[in-house]
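Here is a short report on how two protein chains meet. Take a look at the sequence and the model before reading on.

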There are 2 protein chains.
Amino acid sequence: MSPKRGVAPLRRTAIVRATIRCLARDGYTGLTMKKVAREAGVSQGILHYYFADKRAILVAALETVTADLDRRVAAAQARGGKDAKERLQALVAACLRLAVEERAFWIVFVEFWGEMMHDRRLREINAALYERMRRLIGAVVVQGVRAGTFRRTDGRRAAAVILGLVDGVSLQLAFDATAFSVAEATRFCTDAVMRYLAREVP
Amino acid sequence: MSPKRGVAPLRRTAIVRATIRCLARDGYTGLTMKKVAREAGVSQGILHYYFADKRAILVAALETVTADLDRRVAAAQARGGKDAKERLQALVAACLRLAVEERAFWIVFVEFWGEMMHDRRLREINAALYERMRRLIGAVVVQGVRAGTFRRTDGRRAAAVILGLVDGVSLQLAFDATAFSVAEATRFCTDAVMRYLAREVP
DNA sequence: CTTTCTTGATTGGCCGACCAATTATCTTTG
DNA sequence: CAAAGATAATTGGTCGGCCAATCAAGAAAG
């Protein structure tokens with residue numbers, strides 16, 4: 001009836017996807033093995049075949065979401081072409097769009113943060129993700145500085161600022177979609193970033 | 001042994017404070033009535049005398065944290081004097097300091113967000129808080145615009161940007177204190193805000 | 001002697017983890 | 001190539017434990 005050999009990855013991803021849906025619906029508090037199994041259309045027992053425990057499933061969910069974020073950012077980078085300004089704008093737009101288009105993904109992040117706060121291993125995973133994002137943004141900034149598009153500035157600091165801004169505004173979007181629209185948010189975020197990186201006025 | 005009449009508020013705050021400590025240690029997932037009671041040095045039963053259920057305790061914890069944030073922000077505003085620029089700088093500094101000095105408070109926020117994502121009433125409470133913060137920041141911005149300190153801009157949008165920036169950078173601080181220091185963060189956040197609001201635009 | 005506050009034990013339910021048994025697939029062997 | 005293991009995948013049920021909420025009863029204050 002069900003496929004067997006060599007389909008482990010398929011089943012695994014099915015479970016992870018179901019987990020993300022459950023997480024978005026009920027949060028980590030309301031996340032039970034039973035619900036996940038039901039959502040994925042598998043038996044409860046199998047969850048512990050693919051994952052050591054509940055935390056491992058949460059980590060897998062974050063990894064999936066992270067991979068998707070990376071993919072979107074990379075796509076945005078590519079779309080932005082060679083120009084640092086355009087690449088940065090595309091990056092900001094991609095991140096903000098994620099906050100509303102893939103609301104479930106953002107929820108996974110927030111739920112993960114909650115657990116992370118009191119679990120060192122989870123914290124390390126998150127720290128690595130943020131470091132990666134800062135490095136990526138920093139690289140674009142440095143590229144722009146070299147090209148003379150942006151003012152001379154420390155890439156690392158600028159990256160922290162830009163990432164913080166995008167994160168913070170995304171949160172506001174995810175929390176309360178009525179406050180302002182994505183389009184609006186994208187506009188004033190890119191505006192802020194460009195002002196921040198603009199060359200000094202003579 | 002224990003005081004009785006009219007001490008309800010005292011006991012209540014003792015419970016809430018214990019809840020905040022527990023929340024910071026084990027998160028909302030690991031928050032149990034037993035632990036809170038033990039931490040507060042009271043019996044389990046009393047928790048349901050002061051609070052309808054677990055969620056009500058979480059709400060109370062957020063209210064306490066929020067009140068503290070408001071107090072700090074108000075103090076910063078007063079310290080900043082009349083000058084819009086200084087007031088804004090003081091505000092940013094106060095928020096960022098909270099992320100490390102009162103780490104427990106910040107954790108309460110994150111835990112609350114996790115629960116909020118799938119609970120409308122909690123979401124409304126949070127939305128009100130953010131709206132209040134935006135209004136407050138917006139007012140300072142408008143004041144600066146009127147005084148000619150800042151460029152002409154929409155107070156509401158600027159407030160969302162500034163709040164987002166502070167939130168996002170605070171998160172990075174709370175998540176991984178080794179990434180950069182508070183002093184550093186404060187410096188480049190205020191720098192970013194000032195550039196964003198600066199009159200001379202290229 | 002009434003009201004307010006407090007206790008600690010109880011209860012019903014659910015959860016994560018574990019496991020023995022079963023089925024499907026692959027591999028080896030005659 | 002077919003029978004016979006060997007291995008991988010899957011199931012459903014079980015179990016000990018813990019949790020939130022309830023409650024009857026008691027203690028302190030008015």
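**Ground rules**

This is a predicted model, where local features need pLDDT of at least 70, side-chain atom pairs count only at pLDDT 80 or more, and totals for chains, interfaces and linings use all residues. Residues are numbered from 1 along each chain as its sequence is written, chains are lettered from A and ligands numbered from 1 in the order in which they are written, and side-chain values use heavy atoms, with hydrogens and water left out.

**One chain**

Chain A has nine helices and zero strands. Here helices (H or I, at least four residues) and strands (E, at least two) are DSSP runs, numbered from the N terminus. Read from the N terminus, the elements run α-α-α-α-α-α-α-α-α. The C-alpha atoms of chain A fill a box of roughly 70 × 35 × 35 Å along the principal axes.

The whole structure holds 35 salt bridges over all chains. A salt bridge puts a side-chain nitrogen of Lys or Arg within 4 Å of a carboxyl oxygen of Asp or Glu. One of them joins D119(A) and R55(A), at 2.6 Å from N to O. This pair links distant parts of the chain, 64 residues apart. D119(A) sits in the loop between helix 6 (103-116) and helix 7 (120-147) of chain A, and R55(A) in helix 4 (residues 54-79) of chain A.

**Two domains**

Chain A is assigned domain 1 (1-51) and domain 2 (64-197). These bounds come from an automatic or database domain assignment. The C-alpha centres of the two domains lie 29 Å apart. Their contact (heavy atoms within 4.5 Å) takes six residues from domain 1 of chain A and eight residues from domain 2 of chain A.

**Two interfaces**

| Interface | Buried area | From carbon and sulfur | Salt bridges | Residue pairs in polar contact |
|---|---|---|---|---|
| Domain 1 and domain 2 of chain A | about 620 Å² | 80% | zero | one |
| Chain B and chain A | about 4100 Å² | 63% | four | 10 |

**Where the chains meet**

At the chain interface, 50 residues of chain B are in contact with 49 residues of chain A. M117(B), F175(B) and R195(B) supply 18% of the area that chain B buries against chain A, more than any other three residues. R151(B) and D191(A) meet in a salt bridge, at 3.9 Å from N to O.

Elements giving two or more residues to this side of chain B include helix 1 (8-26) and helix 9 (182-197). Helix 8 of chain B gives the most, with 14 residues. The residues on this side divide into 25 nonpolar, eight polar and 17 charged. Ala, Val, Leu, Ile, Met, Phe, Trp, Tyr, Cys and Pro count as nonpolar, Asp, Glu, Lys and Arg as charged, and the others, Gly among them, as polar.

**Symmetry**

How is chain B laid on chain A? A turn of 180 degrees and a shift of 0.0 Å along the axis do it, with an RMSD of 0.2 Å. The two copies are therefore related as by a two-fold rotation axis. Copies are superposed by least squares on the C-alpha atoms of residues with pLDDT of at least 70 in both. Of the interface residues of chain B, 94% are also interface residues in chain A, so the copies meet through the same surface.

Technical notes: Buried area is the accessible area (1.4 Å probe) that two parts lose on being put together, summed over both. A polar contact is a pair of N or O atoms within 3.5 Å; within protein, one must be able to donate a hydrogen and the other to accept it, and residues adjacent in sequence count only if both atoms are side-chain atoms.
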